[in-house]
Amino acid sequence: MPRLPLILAGTILSASVLSLPALAQQAGAPAETQAPNAPQQQPAFDGQTRAPQPPEVAKIKTEVVAEGLPHLWAMEFLPDGRMLVTAKAGAMHIIGTDGKAGPEIAGVPEVMANGQGGLLDVALAPDYETSGKIFFSFSEPRDDGNGTSVASARLVPDDQGGGTLEEVAVIFRQMPSYDGNKHFGSRLAFGPQGELYVTVGERSDAEPRVQAQDLTSGLGKIFRIKQTGEAFDGNPFAGQDNAQPEIWSLGHRNLQSATIDGQGRLWTVEHGPKGGDELNRPEAGKNYGWPEVTYGVEYSGKAVGDGVTQMADTEQPVYYWDPVIAPSGMAYYDADAIPEWKGAFLVGGLVSQGVVVLHMENDRVKHEERVPLDARIRDVKVGPDGAVYAVTEQRGGGNSTIVKLTKA
């Protein structure tokens with residue numbers, strides 16, 4: 001069956017209005033109803049977890065605008081309304097306005113597509129319309145293992161819906177390398193000065209994850225770099241003996257969600273252990289605790305380290321989830337098509353299988369809303385039309401779809 005134009009796809013393929021659960025009508029009821037994995041742990045302040053749902057929620061219509069895609073990891077809108085996507089196995093495609101994926105873009109470097117590794121995030125340069133430059137992160141195979149790396153390239157589309165990456169250069173490598181296949185991160189977000197924030201993971205295993213607290217190591221960090229890869233001016237540890245100058249903040253576990261808010265500030269959501277996913281507003285030089293301080297428990301049910309949830313000189317999360325949503329992808333909603341979401345953060349949920357909407361007030365979560373999509377959500381973006389686009393995936397691989405969310 002031929003694919004239909006994007007503007008018709010939702011009407012004919014699978015348009016639906018989400019019915020709200022009865023719980024949403026109960027004043028003050030949280031969106032999360034399952035028992036926590038660490039019931040003995042208490043939040044550090046009111047509203048740090050299980051925030052109430054908003055008293056009124058928008059009715060949302062969903063439309064499948066692209067289907068039968070490879071297992072995607074990220075998407076970004078091009079200025080002409082098409083979507084640039086990364087496939088975990090190592091391919092990059094342009095999705096046309098008809099919802100069809102063009103041929104593989106040539107020039108993508110080799111990736112280690114194993115476990116949680118692969119071709120990861122993609123972001124357009126702030127001057128993309130004149131430079132054609134893009135940035136992408138990927139799990140890079142190396143002689144001494146592998147690690148998360150960031151490359152820049154010039155995207156040159158062709159008339160067949162594909163294109164080529166030219167002037168490809170790896171501008172930044174998370175070091176040290178490690179011979180593992182978990183916790184690579186990674187999201188890319190440009191700040192208002194053209195600075196590039198790079199989020200990574202701490203590689204999961206017991207031996208490397210302690211390096212999240214070590215400034216000589218790039219594991220478990222957020223970096224702030226120039227578009228050429230060097231440390232951005234004014235970074236907090238620049239000039240400190242043995243510290244990696246690109247580091248912005250430390251003590252992170254596995255960061256797969258990042259966005260810039262309306263004030264130009266970085267916000268992230270990172271995967272916690274069993275319980276303990278965290279929303280943070282990472283600030284220069286601050287320590288976010290992992291693995292010494294965290295909510296949640298090990299997957300085995302045992303305490304993480306000494307089971308500490310608060311410690312001097314480490315930051316509390318703005319918000320945390322127990323049980324987890326398993327966050328991936330994040331967007332700040334500053335459009336008008338869904339006015340109820342204005343100023344909210346939209347977070348993809350792999351385990352919660354939908355979009356989590358965080359309504360903010362004074363940099364705290366005032367309300368948490370869940371939009372169920374019955375699929376693992378790997379990335380979330382706000383389109384030029386003000387609609388929200390969610391990338392689905394299947395656990396272990398399989399095809400992805402792109403779903404459009406609009407007000408019913």
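A residue is taken as buried when its relative accessible area is under 20%, and as exposed when that area is over 50%. By this criterion Phe-345, at 2% relative accessibility, counts as buried. The model examined here is a predicted one.

Together with Tyr-332, Trp-267 and Phe-345 make up one aromatic cluster.

Another aromatic pair is formed by Tyr-295 and Tyr-320, which are stacked at 3.8 Å centre to centre with 10 degrees between the planes. Tyr-295 is located in the loop between strand 16 and strand 17, whereas Tyr-320 is in strand 17, so the pair ties together parts that are 25 residues apart in sequence. Relative accessibility is 1% for Tyr-295, which therefore counts as buried. Tyr-320 counts as buried as well, at 4%.

Arg-253 lies over the face of Trp-290, 5.3 Å from the ring centre. Arg-364 is placed over the face of Phe-45, at 3.9 Å from the ring centre.

The largest nonpolar core contains 23 residues, of which Leu-84, Met-92, Ile-134, Phe-136, Leu-155 and Leu-165 touch the most other members. Two or more residues are given to this core by each of strand 3 (72–77), strand 5 (92–95), strand 6 (119–124), strand 7 (133–142) and strand 8 (145–157). Strand 6 gives the most, with 4 residues. When residues up to four places away in sequence are not counted, Leu-155 touches Leu-78, Leu-84, Ile-105, Tyr-128, Gly-132, Ile-134, Thr-164 and Leu-165.

Strand 2 (residues 60–69) is mostly covered, with 7 of its 10 residues buried. Strand 2 pairs with strand 24 (residues 400–407) in the antiparallel sense, over 7 bridges. Within strand 24, Val-403 stands opposite Val-64.

Several backbone features were also identified. Most residues other than glycine have a negative phi, and most peptide bonds are trans. Glu-167, which is not a glycine, has a positive phi of about 55 degrees. This residue, Glu-167, lies in strand 9 and counts as exposed because its relative accessibility is 60%. A positive phi is also found at Asp-313, where the value is near 75 degrees. Asp-313 is in the loop between strand 16 (277–280) and strand 17 (319–321). With a relative accessibility of 71%, Asp-313 counts as exposed.

A cis peptide bond joins Met-175 to Pro-176, with omega about 10 degrees. Pro-176 is situated in the loop between strand 9 (163–173) and strand 10 (188–190). Gly-185 and Ser-186 are likewise joined by a cis peptide bond, with omega about 25 degrees. Ser-186 lies in the loop between strand 9 and strand 10.

Definitions and conventions:
Residues are numbered from 1 along each chain as its sequence is written. This is a predicted model: local features need pLDDT of at least 70, side-chain atom pairs count only at pLDDT 80 or more; totals for chains, interfaces and linings use all residues. Side-chain values use heavy atoms; hydrogens and water are left out. Buried means under 20% relative accessible area, exposed over 50%, partly exposed in between (1.4 Å probe, protein chains only). Two strands pair if DSSP finds at least two bridges between them. A nonpolar core is a set of buried Ala, Val, Leu, Ile, Met, Phe, Trp, Tyr and Cys residues joined through side-chain atoms within 4.5 Å. Contact means heavy atoms within 4.5 Å. Rings of Phe, Tyr and Trp (its six-membered ring) pair if their centres lie within 6.5 Å; planes under 30 degrees apart count as stacked, over 60 as edge-to-face and the rest as tilted. A charge sits over a ring if NZ of Lys or CZ of Arg is within 6 Å of the ring centre and within 35 degrees of the ring normal.
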